[in-house]
Amino acid sequence: MRGAWLGIAAALAACHGRSARGPSSPAAIAPGPPRPEVNGASGSVAVAQPPHDSRPEIAAGGPEGTPAFRYGMLDAASCEAELGRRAISHVRVPSARGVLMPLRLTGALRGVAFHGVTSKASRATSPYEIMDCRLALALDDLAAIVQKHNIVEVVHMSAYRPPPTRGWTEGAIGKAHGGALALDAGTFVRKDGSTLVVERDFHGRIGASTCNGAPGPNPPTPEAVELRAVLCEIAEAHIFNVTLTPNYNAPHRNHFHLEVTAGVRWFVVH
Ligand SMILES: [Zn+2]
């Protein structure tokens, strides 16, 4: 199996401003990929086999060989063990509704700090700073990519967004932000203090495709070109199942939605 694991259904559900989708088991495997839409008339998602020279193929093991799939399948104990092996500095959060293994990072990942836009004092208690262990592993991989671009700080709008209590089944595991499995990254700060700001520097167009030989940013300022390169390297690494950008829709004008989706074999980049 090779090529693009793209679809529209997951994207539609992935980051739409609401806090959570329905509960599900992290161990459940989705029955199949979202409905593919090849260069759909809507223009909302361009799905095609990309030129092979523009995107590394998914590993020989297929989607099951990708980091995102592996992370999505981890149970809390296995994930925590991997946090330990990677020496990821964190504290456990006793409980967070919908989150399999909630934690707060207490240090940088590979020299890259991740934090929200709220004041430093409030971050220790802000729910938006809570991450599921599986997201933390993906962000550790992300850190390895962005540090090559001299990025030392990723400022986000939120990881966790507590799902509504109404109708929530006790013990259910949420998805996307409701499961603390997604991060909305808005600003990347470089070593020299300069920034790559998604809202300012993405220079995309809603409906346009994003990587894989897609038209680059317009105008192609140095910041825009760098930001696009960072994003597409993240996408190619298959550490997130869902990667949404300002090209997806207006609510994503100011951030990249980066999500591990537990138990699925597909990938969305838009
Ligand atoms: Zn999001």
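Modeller: A residue is buried if 20 or more other C-beta atoms, placed from the backbone, lie within 10 Å of its own, exposed if 12 or fewer, and partly exposed in between. This is a predicted model: local features need pLDDT of at least 70, side-chain atom pairs count only at pLDDT 80 or more, and totals for chains, interfaces and linings use all residues. Residues are numbered from 1 along each chain as its sequence is written.

Biologist: How many of the 14 residues of H5 are buried?

Modeller: Helices here are DSSP runs of H or I with at least four residues, strands are E runs of at least two, and both are numbered from the N terminus. The buried residues of H5 include Cys-133, Leu-137 and Val-146. H5 is largely enclosed by the rest of the structure, because the buried count is 11 of 14.

Biologist: At roughly what angle do the axes of H3 and H5 cross?

Modeller: Axes are lines fitted to C-alpha atoms over the stretch in contact, with angles from 0 to 180 degrees between N-to-C directions. H3 covers residues 76-85 and H5 residues 133-146. Their axes come within 9 Å and cross at roughly 35°.

Biologist: Is Ala-176 buried or exposed?

Modeller: Ala-176 lies in the loop between strand E5 (151-158) and strand E6 (182-190). Its phi is positive, about 45°, although it is not a glycine. With 25 other C-beta atoms within 10 Å, Ala-176 is buried.
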